[in-house]
Amino acid sequence: MNWQTCTRILEFDAAHRITRHGSKCAHLHGHRYRVEITCAAQLDSLGMVVDFADVKRLVGGWIDERFDHGAILNNDDEVYLAAVQMGGHRLYVMNCEPTAENIARELLRVAQGLLPALRVERVRVWETPNCYADATCA
């Protein structure tokens, strides 16, 4: 099989905190996240792996509804969960610390579910301009 890849970049703003972090990341803070979704497939009749607009609409739409301008928190973070919920703010709850690595893994799972005809090879989450984490399919 002759598979090719393409990558769509998406961005969002969100707050998070790493509850058991030994330094300043234990405080609630925000990032301008940059996400790269790399898909693989045989080229279609137009010579594309996937229409970039479809990745934006499906995965980008999911991100916009759940992550963008919200808080991504650990399910164990009871104090901050209560505060965000009480304020009626957008909240996405993970069953783990919302590190760049875990957010990448979550987005890989989500993207594969939203793009079932493709193989989502990799999701790269840039937390800062200098730091990223990758989640890849096994």
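**A chat about strands, helices and a core**

Visitor: Let's start with a pair. In S2, what is the bridge partner of Asp13?

Guide: Asp13 has Arg32 as its bridge partner in S2. Keep in mind that this is a predicted model.

Visitor: How many bridges join S1 to S2, and which way do they run?

Guide: There are 13 bridges between S1 and S2. The two strands run antiparallel.

Visitor: And S2 with S5? How many bridges there?

Guide: Seven bridges, again in the antiparallel sense. One example is Arg34, whose bridge partner in S5 is Trp126.

Visitor: Zoom out for me. What order do the strands of the sheet take?

Guide: The order is S4-S3-S1-S2-S5-S6. That is six strands in an open sheet, with mixed pairing.

Visitor: Which strands sit at the edges?

Guide: Strand S4 (91–94) and strand S6 (131–136). Each of these pairs on one side only.

Visitor: How far are neighbouring strands turned against each other?

Guide: By 35° on average, with direction ignored.

Visitor: Back to S4. Do S3 and S4 run parallel or antiparallel?

Guide: They run parallel. Four bridges join S4 to strand S3, which covers residues 70–74. Within that pair, Asn74 stands opposite Met94 in S4.

Visitor: Now helices. Which strands does H1 touch?

Guide: Helix H1 (residues 52–66) packs on the sheet and touches S1, S2 and S4. Its direction makes about 20° with that of S1.

Visitor: Where does H2 lie?

Guide: Helix H2, residues 78–86, lies across S3 and S4. It runs at about 150° to S3.

Visitor: What about H1 and H3? At what angle do their axes cross?

Guide: At roughly 135°, and the axes come within 9 Å.

Visitor: Left-handed or right-handed crossing?

Guide: Right-handed, as H1 passes H3.

Visitor: Which residues make that contact?

Guide: From H1 come Leu58, Val59, Trp62 and Ile63. From H3 come Leu107, Val110, Ala111 and Leu114.

Visitor: How many residues are in the largest nonpolar core?

Guide: It has 34 residues. Ile37, Phe67, Leu107 and Val125 have the most contacts inside it.

Visitor: Which element gives the largest share?

Guide: H3, with seven residues. Among the elements that each supply at least two are S1, S2, H1 and S4.

Visitor: Next, Thr38. Buried or exposed?

Guide: Buried. Its relative accessibility is 8%, and the buried label applies because that value is under 20%. Thr38 lies in strand S2, which spans residues 29–41.

Visitor: What does Thr38 touch?

Guide: Leaving out residues up to four places away, Thr38 touches Thr5, Cys6, Thr7, Arg119, Val120, Glu121 and Arg122.

Visitor: Last one, Cys131. Why is it called partly exposed?

Guide: Because its relative accessible area is 42%, between the 20% and 50% limits. Cys131 is placed in strand S6.

Visitor: And which residues does Cys131 touch?

Guide: Val125 and Trp126, not counting residues up to four places away in sequence.

Visitor: How far is Cys131 from Gly87?

Guide: Their C-alpha atoms are separated by 31 Å. Along the chain, the two are 44 residues apart.

How values were computed:
Residues numbered from 1 in each chain as written. Predicted model: local features only at pLDDT ≥ 70, side-chain atom pairs only at ≥ 80, totals over all residues. Heavy atoms only, no water. Buried < 20%, exposed > 50% of the residue type's maximum accessible area, 1.4 Å probe, protein only. Contact = heavy atoms within 4.5 Å. Pairing = 2+ DSSP bridges. Axes fitted to C-alpha atoms, helices over the stretch in contact; angles between N-to-C directions. Core = buried A, V, L, I, M, F, W, Y, C linked by side-chain atoms within 4.5 Å. Left-handed = near helix turned anticlockwise from the far one by under 90°.
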